[in-house]
Amino acid sequence: MRPGDCVEPDSLEKWTQHPWIRWTGKLGLDGALAGLGWVLAMGIEWGTWPKLFSLSAWVAFASAVSVAFRLPWQHYRVSDFRGMIRIGGAALALALGGLSGVIYAQDPTVRQVVAMGVLFTVVFWVALRAGFRASHEGVYPWSAQRRMASDGRRTLIVGAGRAGVMVAQELRLHAELGST
């Protein structure tokens, strides 16, 4: 392929679906949300923008914790309780690692900034995953799943017990099947 050549749509779609590309994008999202959390923490506590070094250090640390707890490997659409447990472990690691780095700081507000940075980062991580999950399940009125489900045929499942509940869930989540 030469510079200036057009990329075939199929090859571009295959390229963007590659696991490493998706993983890198999710890691970038986690890092960006950690950076946003740090900016908010600094702004609330000190009323100033963070210096580039402290912002970079926090984003790098949060990204390393994210990788250590395998957060980028989660499928956001199907985040579950185990995924939230991982985020809880990452939150604990962020708190312990961040606070141990500033334990001997003379200024007590440094510890408060780190604690607020942890809080904002974790809240943003959870909100991102919960938003994707809610959108996938059709919770929002504008989600495609909800619009497609309203056009399907009504389906009755009788005498199937737990398996019937699982079938009903799958029918609700996969509106392309044409049943509601």
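Modeller: The model is predicted, so local features need pLDDT of at least 70, side-chain atom pairs count only at pLDDT 80 or more, and totals for chains, interfaces and linings use all residues. Residues are numbered from 1 along each chain as its sequence is written, and side-chain values use heavy atoms, without hydrogens and water.

Colleague: Why is the contact of D30 and R129 called a salt bridge?

Modeller: The term needs a side-chain nitrogen of Lys or Arg within 4 Å of a carboxyl oxygen of Asp or Glu. D30 and R129 meet at 3.0 Å, N to O. A search of the whole structure finds one salt bridge.

Colleague: What makes D30 buried?

Modeller: Buried means under 20% relative accessible area, exposed over 50%, partly exposed in between (1.4 Å probe, protein chains only). D30 has 1%, so D30 counts as buried. R129 is buried too, at 0%.

Colleague: Why is the pair of W23 and W73 called tilted?

Modeller: Rings of Phe, Tyr and Trp (its six-membered ring) pair if their centres lie within 6.5 Å; planes under 30 degrees apart are stacked, over 60 edge-to-face, the rest tilted. Here the centres are 5.1 Å apart and the planes stand at 45°, so the pair is tilted.

Colleague: Are W23 and W73 buried or partly exposed?

Modeller: W23 is buried, at 16%. W73 has 34% and counts as partly exposed.
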